[in-house]
Amino acid sequence: MSEPFVFDPRCDLCKEPFGAVPCGTAVTFHCRPLATEGFSHCALVLSCEFSGTQREQELPLEGPAGERLCFSATLTAPELPDLLWYHFRFWREDGTGCLLDKTGYRSDGQAVSWQLTVYQESRTPGWFGAGVTYQIFPDRFCRLAPVDPAGLVGRRWVHEDWDDTPEWRPDPDGEIRNRDFFGGTLAGITSKLDDLKALGVTTLYLCPIFESASNHRYNTADYTRIDPMLGTEADFRALCAQARQRGMRVILDGVFNHTGSQSMYFNADGYYPTLGAAQSQDSPWYSWYRFHHWPDSYDSWWGIRTLPAVEESSPSYVDFIIDAKDSIIRRWLRAGASGWRLDVADELPDWFLEKIRAAMEETAPDSVLIGEVWEDGSNKIAYSQRRRYLLGSETHGLMNYPFRTALLAYLSGGDADDFREAMETLRENYPPAAFYSAMNFLGTHDTPRILTLLGADRTPDTKAERASYRLLPRERAAGIAKLRLAALVLFTFPGSPMIYYGDEAGMEGFEDPLNRGTYPWGREDRDLLAWFTRLSALRNAYPALQSGTISWLYTAGPLLIFARQNGDQRLTTAVNASPDSHTVTLLWEGAGPTDLLTGDTLPCSGGVLHLQLPPWGCRLLL
């Protein structure tokens, strides 16, 4: 922001360096109140989240700066990772004064402090943030041949028709069991690697693939075994090897907060020949669960009895998942995986995440660890505990739900400046490596399909209506126009863009399981697929889009314009999320830019560019 502000942590006139800082960094603060306020003293008031220390450091008066006074001091960040909360205190010689916090001057009340993230520098694999990720729900991606569920855990059944709607209705007991399968396999994914390569994908993120009683497989039954309906360990190794040959990597979904009640470890229905915790207190896995009254009362994920929660501190569980030579974390990395995405990371203890990260770095130093967190992960509080995901010893990055939330709000009629503010908050709070390694996306297996959200005029009241709902041609056209803009922002914004399988093909659907339909092979929306393919190719071709720093050129109303720069390479994204044409005047150095989306060279005169944006239009300028 500009000079008239007393303090703005995003302005180098007030704070250097920008944003989060490594441990031990010298951070300089400048406060600039109007001289007419009569302040003679200023102090920085600090509170350290994790060390619990508080202190006050005076900012000496440097002297006048026009109509203002400048108070300045340098703080040395703590030697250990922490979150610092700070505000300022001003006072006059007569003892009167006030506080300055995020809300402005205040004379009383609890200060609304600014945040300074202090992190431990550590290595973050560059391949993830620079590339394009593709999320696959394995059962619904590609079926090569009929599959037989007979004899497998859970009462599974298979749709004969690949194009059926996933079963959303409760069973006769009133439970939604997710026992309907379509028969997608790992070999099916392998058969489509060339298609994914043509789309520009560099990383595959697979929803859980281990044996499970349900189609989503988030209720793990056996961590050591690929679900037989998906294939074998040999099929998994082949997938990883053939992906590597094409310059692609595979990330697995780790569900370590809970297991399935039908797992071999809990074994509620006695399917497995082993003695589960629900069968005997002498079970080797009894200590993995928290029973209130054995065997019928126990902790479970969000109270869902089919998902008994795990006691992560059980030594045998820690050894099995992390520490042992052939632990689950290590074993599947050795089998070919290049990383883990941790389901419900906010329900796993910090020390558990640290141990996973350490085991991964020992086993596969170039592997990546991504956590599922739905909020700003730099200051998240879970179960009354402030979390440390991004301070250097836990995750490399997080799923960027705030990006999706802010982008959807903007495309649905919101102000582009609100999107900028939300993203600048993350950029300020996150260590740079975490910001540029965030997993950005428009949709996942946990959210309605992006095309449905952007196109539907309404959300039907009943699940039955939502299950049968298909966008009208008018709605679909409107949704695609917005989705093209969303995809452009996704591929050009800092972070790793992730495509949820089928979004690029025009798939529709409200909440799960309606958002988990089968991939429409041969019936893709070819124009939309071509758009995603082109954006992905541009992302992979230009370093500025992979790792360039961001600057904001214009954000107001429906107009969003930002630039990414890497060395001398600079690309500008311009979006008009409205049905009206707009022209924006920008200061522009050099010759007229080339629009990489059309190939046109735009006229530029006297260092000024008059940028024309048609309704629901966009440009990508080089």
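A disulfide is taken as a pair of cysteine sulfur atoms within 2.5 Å. By that rule, the count here is 0 disulfides. This is a predicted model: local features need pLDDT of at least 70, side-chain atom pairs count only at pLDDT 80 or more, and totals for chains, interfaces and linings use all residues. Residues are numbered from 1 along each chain as its sequence is written, and side-chain values use heavy atoms, with hydrogens and water left out.

**Cysteines**
- Cys-48 is in no disulfide; the nearest cysteine sulfur, that of Cys-23, is 11 Å away.
- Cys-48 is buried, at 11% relative accessible area (buried is under 20%, exposed over 50%, partly exposed in between; 1.4 Å probe, protein chains only).
- The sulfur of Cys-240 lies 15 Å from the closest cysteine sulfur, in Cys-207, which is too far for a bond.
- Cys-240 is buried too, with a relative accessible area of 4%.

**Aromatic pairs**
- The whole structure holds 55 aromatic pairs (ring centres of Phe, Tyr and the six-membered ring of Trp within 6.5 Å; planes under 30 degrees apart are stacked, over 60 edge-to-face, the rest tilted).
- Phe-493 and Trp-552 form a tilted pair, with 6.0 Å between centres and 50 degrees between planes.
- Phe-493 is in the loop between helix 13 (473-492) and strand 27 (496-500) and Trp-552 in strand 28 (residues 549-556), so the pair ties together parts 59 residues apart in sequence (helices, H or I, at least four residues, and strands, E, at least two, are DSSP runs numbered from the N terminus).
- Phe-493 and Trp-552 are both buried.
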